[in-house]
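Here are some quick notes on side-chain contacts. Have a look at the model first, then read on.

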Amino acid sequence: MASIEQTVKYLRSKNAGPFWLTIDAFCNSEEDARKVFNVFEREKDWIAQAFNVSSNEILLYLLPSIQVAKISFPRRPVQGYRSERDMHGGQQYVTLLDLEV
């Protein structure tokens, strides 16, 4: 079975302000975007645990016309916190690479 890493063209994470993080999965087709969206939906509880948020705080988006699946959730810790290790949120997508599609 393929992983998200093998399915998407490009996966990125970034801050959506100091309190939210967003992860965008740019896909090669609308079908792949739907598959990745379904993974996000199916693994919502696991993702919530991995990022230390409640599953009902996770927002999922499917943008089929531009072949993108997107997930957003509160950033913990917030940007700039003393224990911050990724100030721009740019490395957070790595957690999702091995999820099976």
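1. Glu-84 and Arg-75 meet through their side chains in a salt bridge, 2.8 Å from N to O. Salt bridge here means a side-chain nitrogen of Lys or Arg within 4 Å of a carboxyl oxygen of Asp or Glu. Both Glu-84 and Arg-75 are buried, where buried is under 20% relative accessible area, exposed is over 50% and partly exposed is in between (1.4 Å probe, protein chains only).

2. A word on the source: this is a predicted model, with local features needing pLDDT of at least 70 and side-chain atom pairs counting only at pLDDT 80 or more, while totals for chains, interfaces and linings use all residues. Numbering runs from 1 along each chain as its sequence is written, and side-chain values use heavy atoms, leaving out hydrogens and water.

3. The structure holds seven salt bridges. Another one pairs Glu-57 with Arg-76, the closest N and O atoms being 3.1 Å apart. Glu-57 sits in the loop between α3 and β3 and Arg-76 in the segment after β4, so this contact ties together parts 19 residues apart in sequence. Glu-57 is partly exposed at 25% relative accessibility, and Arg-76 is partly exposed too, at 41%.

4. Then the rings: Phe-51 and Phe-73 make a tilted aromatic pair, 4.6 Å centre to centre with 40° between the planes. For pairing, ring centres of Phe, Tyr and Trp (its six-membered ring) lie within 6.5 Å; planes under 30 degrees apart are stacked, over 60 edge-to-face, the rest tilted. Phe-51 and Phe-73 are both buried.

Key
Helices (H or I, at least four residues) and strands (E, at least two) are DSSP runs, numbered from the N terminus.
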